Amino acid sequence: MLPRYEEMLERAYELLPSERSKHERFEVPAPLCSVFGSKTVLHNFMEICRALNRDPLHFLRFLSKEMAAAGTIDGARAIFQGRFDEETFKRLLDRYIRDFVICPVCKRPDTRIVKEKRLHFMICEACGARSPVRSV
Ligand SMILES: [Zn+2]
């Protein structure tokens, strides 16, 4: 007996990558940090910026502001004044991804940030949406 059309269609859809697996391809490394005296070193800062595809200075400014701590880039690392743990960085990284990386329309991470006059917009390469983002 031949398979019914609906069944064939269902099978075809199963072969397509699902939305979920598309998101899983967007992998950002977990923040690795250590405290030295009164400073905190975020060891994989640059690696995270590369995965986010964002300007390191933008991400640094965001972290500094959210943690109310001065931050500097040191090679591949970032150094912050004050003591912070990995949970703090993880929470802020999630917020950064939500606010500055994921397109609010199609929920994909293929975006870039452009500055026009004094406003910032997130342009989505996947769906073409143009969404305002707050400045950091
Ligand atoms: Zn989009």
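I begin with helix H3, residues 45–52, which packs against H4 at an angle of about 115°, their axes being 9 Å apart. That makes H3 roughly perpendicular to H4, a label covering 65 to 115 degrees, whereas under 35 counts as roughly parallel, over 145 as roughly antiparallel and the rest as oblique. Axes here are lines fitted to C-alpha atoms, for helices over the stretch in contact, and angles run from 0 to 180 degrees between N-to-C directions. Helices are DSSP runs of H or I with at least four residues, and strands are runs of E with at least two, numbered from the N terminus.

A word on provenance: this is a predicted model, in which local features need pLDDT of at least 70 and side-chain atom pairs count only at pLDDT 80 or more, while totals for chains, interfaces and linings use all residues. Residues are numbered from 1 along each chain as its sequence is written, and side-chain values use heavy atoms, with hydrogens and water left out.

Which residues make the contact of H3 with H4? From H3 they are Phe45, Met46, Ile48, Cys49 and Leu52, and from H4 Pro56, Phe59, Leu60 and Leu63, contact meaning heavy atoms within 4.5 Å.

Turning to the second pair, helix H4 (residues 56–67) packs with helix H5 (residues 86–100) at about 125°, with axes 11 Å apart. That makes H4 oblique to H5. On the H4 side, the contact is made by His58, Phe59, Phe62, Leu63, Glu66 and Met67; H5 contributes Thr88, Phe89, Leu92, Leu93, Arg95, Tyr96 and Phe100.

Finally, the metal site. The zinc ion has as protein donors the SG atoms of Cys103, Cys106, Cys124 and Cys127, lying 2.3 Å from it; donors are N, O and S atoms within 2.8 Å of the metal (3.2 Å for Na, K and Ca). Along the chain, these donors follow the spacing C-x2-C-x17-C-x2-C. Cys103, in the loop between H5 and strand S5 (111–116), and Cys127, in the loop between strand S6 (119–124) and strand S7 (130–133), link distant parts of the chain, 24 residues apart.
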